[in-house]
Amino acid sequence: MDDFNSDTDSDYTSYWRDWFISSRGNEYFCEIDEEYLTDRFNLTGLNTEVQYYQYALDLVTDVFDLDCDDEMREQIEKSARHLYGLVHARYIVTTRGLAKMLEKFKKSDFGKCPRVMCDSQPLLPMGQSDVANTTPVKLYCARCEDLYNPKSSRHAVIDGAYFGTSFHNILFQVYPAMSPAKSQRRYEPRVFGFKVHAAAALGRWQTDERERMKERLKGARVETGFEAEDEELEDEEEDEEMEGDGFEGAAVAQ
Amino acid sequence: MSSSSQVTESWISSFCGLLGHEYFAEVSEDFIEDDFNLTGLQSQVPMYKEALEMILDVEPEDDEDEEDEEEEEEEDDEVLGDERPAGYRRTSDRRHLRIASDLSVIEGSAELLYGLIHQRYITSRPGIQQMTEKYELQHFGTCPRVNCNSCKVLPVGLNDIPGQETVKLFCPSCLDVYTPPNSRFQSVDGAFFGTTFPSLFFMTFTDLDIGGVRPASTGAADALAAVHSAAAPDGKSRNNPTPPNLITSINGVAPHNLAPGLGPGNIYEPRIYGFRVSERARSGPRMKWLRMRPTDVTELDETRRYWEEHDGEDGTRPDDDDMNMVDVAEGKGVRRKIIGRRRRANGSAATGAGGGGGVSPMDTNGVAAAG
Ligand SMILES: [Zn+2]
Ligand SMILES: [Zn+2]
């Protein structure tokens, strides 16, 4: 993390939060409104979570003016980042916070799903726990509904509690139109054109599970949310199987 | 013949040393020099002969003045990071007859040809062995999926025909494919690894423990634990519903290697303020099936179940190994009749593939003997 002090000595009017969210590695964070930060109600309980709470809050809200040594300053700096993260988890489930994170989501600021069948679906950051220092941040894909590790080691060390367990699910409840169509496409392991038996047997079992779920949803008159072209896709599969026999023989040479 | 390779790096090593080419194995010259292994490639690669010569660092036959430009070799070595491998330039400098456009065609052809040979090589005995070493050293990285616990992955093509898709990574723990994390792999053709390699790899090295590093605190599925203890040699499994000695293999895969990243405990459960999001909610979960696995994995053993139910009806029960690994008959709508169909199809598939040049997919066990 860059050192706030050295960066801003000459430019003390720039806000700590500006500096924080534009620092390398902090790309997942959005900027918390000043009004939100200065409303004590929003910070309830955090004074016991954060060391040097008041100094840290002063720093985050740009009113810090304590004259202290570098070591102390560094401690307060660290506390300020922690405080920002904890408030962030609360802020991003407010209307304003959700809107800000939605904009970042649309720009793929959190990256794209690495799963090939998800077609570069933008991700959202999440925590597997709401308790600080439990697990680092993960990324949620709304298309395959699974969790992935961030690619960059800079992001892999961010505390997951700064995003929390609920935010990404709330976002799609509040903005249902942002929820991507689900896909039934999946990878089928093959050897010389033939489907691998173990994987195919598991796939058939999973398909049964999926169809049972669809029946349940139909019974409850709920949309399944799967993309329309899936039906056609399954027809193509059968042709593919026929071609399996014709795979170039020489490939297994020696 | 490859006199220059002792002096400087061979074309193959320098190709494999390029940025973005970290997934490639170094195909042995023996393999390339065996014409059988190149069957059919001539028609796919323009300037085939020249490309092959370049790959093998062979001096062209029509060379007139040789051995007079030693100094230039030194300079060329420094351009190794460049896209044009040094070995290539050295050879080309001696070919006064060639024009620049020809050279770039040959260069491209050599890469294409190497890629196509590579696709075959890594499914051969020495090639798959070489890839094991790279796998163990984690040259291909790990699965990005959280519940796969950094399971090691292998490169795969979604197509065997070049020019269609870039290389992807196959995870044996979730049986899914992922885009490599670094964009430099997005210029590597997936066909150079092919569709067969990763699955053949895990069929061949069945003793590998593919599960990744599973943290003790995840409270991993009871099912998984049960399966593990069932597969363990001491066979201690008091509460396992299936007799432990029966399930050393499910459809040709050891139970603990059958998609260990899937199933109960490895499926993300969406929650809001601690409460599960209902399936019936508009934004509720719809994709759990993709990461599901039966608690009792023997449920997946369709062939064994069939033969247990129909034992003695006719005396043609095939060996387990023959029916296990490759799935020939499947499709929608015929699920209930599938077993019978598979029996017939199994036979014909084995014959059909075998007829295509000794490539019975059942033969894959033979490769294992190398390991
Ligand atoms: Zn996804
Ligand atoms: Zn995986």
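Begin with the interface between domain 1 and domain 2 of chain B: in this predicted model, the two domains bury about 470 Å² between them, and 30% of that area lies on carbon and sulfur atoms. To display the two partners, select residues 139–204 of chain B for domain 1 and residues 262–311 of chain B for domain 2. Their centres, taken over C-alpha atoms, are 24 Å apart. On either side of the interface, six residues of domain 1 of chain B are in contact with six residues of domain 2 of chain B.

Next, select B:D176 and B:R291. These residues form a salt bridge, with the closest N and O atoms 3.0 Å apart. The rule finds one salt bridge across this interface of chain B. It also finds four residue pairs in polar contact between domain 1 and domain 2 of chain B, both residues of each pair being at pLDDT 80 or more. Colouring by residue class shows that the side of domain 1 of chain B touching domain 2 of chain B holds two nonpolar, two polar and two charged residues.

Now move to the zinc ion (ligand 2), and select B:C143, B:C148, B:C171 and B:C174. The SG atoms of these four cysteines coordinate the zinc ion (ligand 2) at 2.3 Å. The arrangement is tetrahedral because the four donor atoms around this ion subtend angles of 103 to 120 degrees. Along the chain, the donors of ligand 2 follow the spacing C-x4-C-x22-C-x2-C.

Select residues 15–178 of chain A to show its domain 1, and residues 190–220 to show its domain 2. Between the centres of these two domains of chain A, taken over C-alpha atoms, there are 37 Å.

Terms used
Residues numbered from 1 in each chain as written. Chains lettered and ligands numbered in written order. Predicted model: local features only at pLDDT ≥ 70, side-chain atom pairs only at ≥ 80, totals over all residues. Heavy atoms only, no water. Domains from an automatic or database assignment. Contact = heavy atoms within 4.5 Å. Buried area = accessible area lost by both parts, 1.4 Å probe. Salt bridge = Lys/Arg side-chain N within 4 Å of Asp/Glu carboxyl O. Polar contact = N/O pair within 3.5 Å; in protein donor to acceptor, adjacent residues only side chain to side chain. Nonpolar A, V, L, I, M, F, W, Y, C, P; charged D, E, K, R; others polar. Donors = N, O, S within 2.8 Å, 3.2 Å for Na, K, Ca; no water. Tetrahedral: all angles 85-135°; square planar, octahedral: opposite > 155°, others 65-115°.
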